[in-house]
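Hi,

Here is the structure I promised to pass on.

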Amino acid sequence: MLRKKNNKRFNMLLLKEDEIYFQDFSCTYFMGVGGREKYKGRLHFCSHSLVFVPDDTRYSITRHSFDKIEGGFKKFRPTPSNQPFFSSFSEENMFCFTCTEFVEIRKGNKDHPYIFKKQPDTVVIGLTFLTAQQFVEKISPIYQLFQNNSGTPSIEKINQIYEDQIAKGFSFDITWLEDFREQTLYETHGTKVTPLVDTHGCILLTNERIYFQPFNNISTKPVKKYNLRDINRIVKRRYNLRQIGVEIFLRNNKSIFFSFKNQVERDNFYNTILKQPVISNISMNDQGNMTLKWQSGLISNFDYLLYLNFIADRSFNDLTQYPVFPWVVADYSSKTLDLQDPNTFRDLKKPIGALNPDRLKYFKDRYYQMPDPKFLYGTHYSTPGYVLYFLVRQAPEYMLKLQNGKFDAPDREFCSIKQTFNSVLTNTTDLKELIPEFYQSTGSFLMNSLNLDLGVRNNGQRVNNVILPPWSKDEQDFIYKCRLALESDYVSQNLHHWIDLIFGYKQRGEEAVKADNLFYYLTYEGAVDIEKIRDPIERRGIEIQIREFGQTPKQVFTSPHPQRKASTNLANITKFSVTSSDTIPLDIISATNRDVPQSPSVVRTGSSVFMDRESAFSSSSKTSSPILSSTSSFRSISSPLFTPKDNDDFDVNDLLKSDLNRPSSFFNKQLEELEPSSSSLQSADSFSSSVSLDSLTTDNSPNRTRKKRSTLRKQKQNENSFTPKFSTTTTEEPTLKVELHRDRITSAIISKDKSRVYTSSDDSTCKIYSLESKRQLRRIADMGDMALSSCAILDETSEQKILVAGSWDNRIYVYSVEYGKVLDMIQAHEDAISRICVKNDTLISSSWDSTVKVWKCTSDSVTSTPMLTFQDHESPVHSLNVDASGNLIVSGSEDGLVIVFDLRQKKAISEFHAHNDVVADTCFCGEDSQRFVSCSKDGSIKLFDVSGTEIAQFSSPVVSQAWRCLASDGFELLSGGEDGKLYKWNVQDGSLTKAINAHNAALTCISVSDDGESVVTGSKSGEMIYWDK
């Protein structure tokens, strides 16, 4: 029996980043020319794909990307044998196309990771009301853009087609006016901004209301209406670094965020609203008053921080500027939380990156070696990836959109509070602060209430609920105690220091340098005038960079912030009304129905409810000690949070009808008591990560927010539960095998989005091969006439891809993929270059002249003079590798010598003879970069620590050959040699687990994708093989 048709199943979160929705058509979808599968539904035409949504919710939504459709769209004529399957349609209503990849979404109507099926098949579409010719005419301009471009077309070209087909000539339908007597004051085209989704439409302002009519028909409400009398506040906002936004706050605690084409249109709209008499009483500037209230203890720390976020351009509607809150607790190991002990708390005088002196030293050493503009931290403390890292259990569809249909790898997901905080203290690419939900929510974002399949970690444990500290008994208790910590005397007396760092005078300039608080310059407001950038590619690159790395809040204070004079008096508190997006299902919304998470002791006076100050904080008595244990009694409110059920069709617009958006003011809601239920938590560990300018490893594709892999894995694993990584992510049958070069392939690199492979060869060329279209995209033959020994990409976050290659003519070549020309030739060594590596903003080269050199690099250049030159080797250097942090280098030479260099100390820290012949290859393994593997032509593979101590040898009685190359993720080792086979070894015990027949000639290079799911190998004959899941 078919379920009731419901078009709400489709929403903009299912589309790729920057993809625009055009329109949809009623149709019947046939899989295969024989019509073996038949579904009724709607075909959605978007700027990057066709998305079919079946009426029956038991079946998956299917996406067909235009770059995967081969041969275009053709008329379909049934044959006598299959005519019965298509008898309900005339030939003029039918067309077909062949797609090489099908993406299945919401299988079983649940938020699972997307399923990518790479199997060519033909799809037949029978249109209900439109002819095939009419449909093809609509989509051909977009489809042709993909056929004429090797990659995704520019957003400018797509926008132009959208403007011509949809937006041009679109005006507001005045029949939707609530009152025909309303006077039109201003009309323009604009965008309604919600998290990860921009909806284009027509904005109409009358003397009574604001109307928004989307160009598309996705919403169940064709027109949204907002009464001017309901406006509580209106604020100018920046959006994508441009002053083009307006956020309107309503009295029901919803907010609407509009962006306009330019600042002039924004200002006209803003000024026109302010002239209306019905909103003349709204408060526009109460900053000084709010600060005085906070100093006097009339408002809580939480409410004041939320207010500062509000006036610093932070918004729940924009994930790049999501409200930021501090870590305040530093103790996640004790069984009790002692709020009288200063050691319980994080040092609020220091930014998160300066809490660990050793890590800070690394940042400073790098800072002093940088050219201008200098920065301490390339990673920001607030990014879209960080927000959804915390909220993935509550907003899975947003994470799936952000990461191209995938959740993060289980070992990188938010699994444990303690491990996340440890990562924030130690990881050089993890500086995240917290979000408001940690202090004002029901805590349900910590629970896997949707039963999401978040995967199994390397220790064999399934990711489920977040593991909480011993001092909390459940998620509600955890939030309650975090809030008590935020409102404690210690935090109240020191919070002004953190405000200085994030919103105040220590945010930028010399004071930021003194406070060790300087971030990458593009994150600051006003650092670049994007309106003056005429090059669309450069402009787009900056927008993507900021969207990915986050933005520093607008500077609110230019002088030291005053200290709080009084403790929080919850009985007399005045609340700042929390306003959240009207679409994203965030847990904080349900929590704003109450003053604070309810304490063990509650006082009720009439209809008012407040916390008993003595029992909650014990701040009026110096002798009382608020030591909180996990056995404390606790009560909380019930959550009206919108939670998609198995039979619910989730739509961002449908949330307007849900309990999620009930009025949630601090002013007029009283607390409801609910006895919490205990949760059974699974023990696990977690390492968090970030998208980082430090690492320079983030791609600008839809998959760009995938976090760094091997450096964030847990090194010590239970051997009994160990599962080899590569055995589950590669297959014995290759995905692709191609004769790519005329001579030995010396290196191969898989791009971050796994769409391309870059190779270098002894035939004097580099090549770029498309894994999607399975064809060579570029042959680069202007890097001299000698062998190229190695290649690397400077920065894949930049749209201008820069390839660097080392040559036997002693030079490093810098090549622009975009412009197809050599930008620079650096005379780097006195003999042939044997290997180059790029990590962060550093390029390292080794040579047969027995030296290793370290060069400064940017996203598009390499300095002509090395920063460091190591001359410790006495014979030609053949192998080179750099650790994940970019601090340690290991090199191997012709005489079997291995040397480990520390870039921070600028010297060799160990030197030893590891082999009896040429050291062919080396690679680091393990998250702490304290171990590495080397292989040699003498037939040995050995595991060492960085001090030179041999830990293990990899050997098997069935293998005896000269080794040429290897790769490792810390758990499993891949090696290749003269027999052309790909060997897999267990790093833990050195045993051989598998030998795979690969090449007919010697295997000369191995590379593994960042997500560990793909491997590429090259051979002496010039053959390239690619394995994928």
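Predicted model: local features only at pLDDT ≥ 70, side-chain atom pairs only at ≥ 80, totals over all residues.

In which sense do strand β35 and β36 pair, and over how many bridges? Strand β35 (residues 877-882) pairs with β36 in the antiparallel sense, over five bridges. Strands here are DSSP runs (E, at least two residues), numbered from the N terminus, and two strands pair if DSSP finds at least two bridges between them.

Residues are numbered from 1 along each chain as its sequence is written, and side-chain values use heavy atoms, leaving out hydrogens and water.

Back to β36 (residues 888-893): six of its six residues are buried (under 20% relative accessible area, 1.4 Å probe, protein chains only). L888, V890 and G892 point one way, while I889, S891 and S893 point the other.

G886 takes a positive phi near 80 degrees in the β35–β36 hairpin, which has five residues between the strands. In the β36–β37 hairpin, with three residues between the strands, G896 has a positive phi near 85 degrees.

Lastly, S940 sits in the loop between β40 (931-936) and β41 (941-945). Its side chain makes a polar contact with the side chain of H915 at 2.6 Å (N or O atoms within 3.5 Å; within protein, one able to donate a hydrogen and the other to accept it, with residues adjacent in sequence counting only if both atoms are side-chain atoms).

Cheers

How values were computed: Buried < 20%, exposed > 50% of the residue type's maximum accessible area, 1.4 Å probe, protein only. Helix = DSSP H or I, 4+ residues; strand = E, 2+ residues; numbered from the N terminus.
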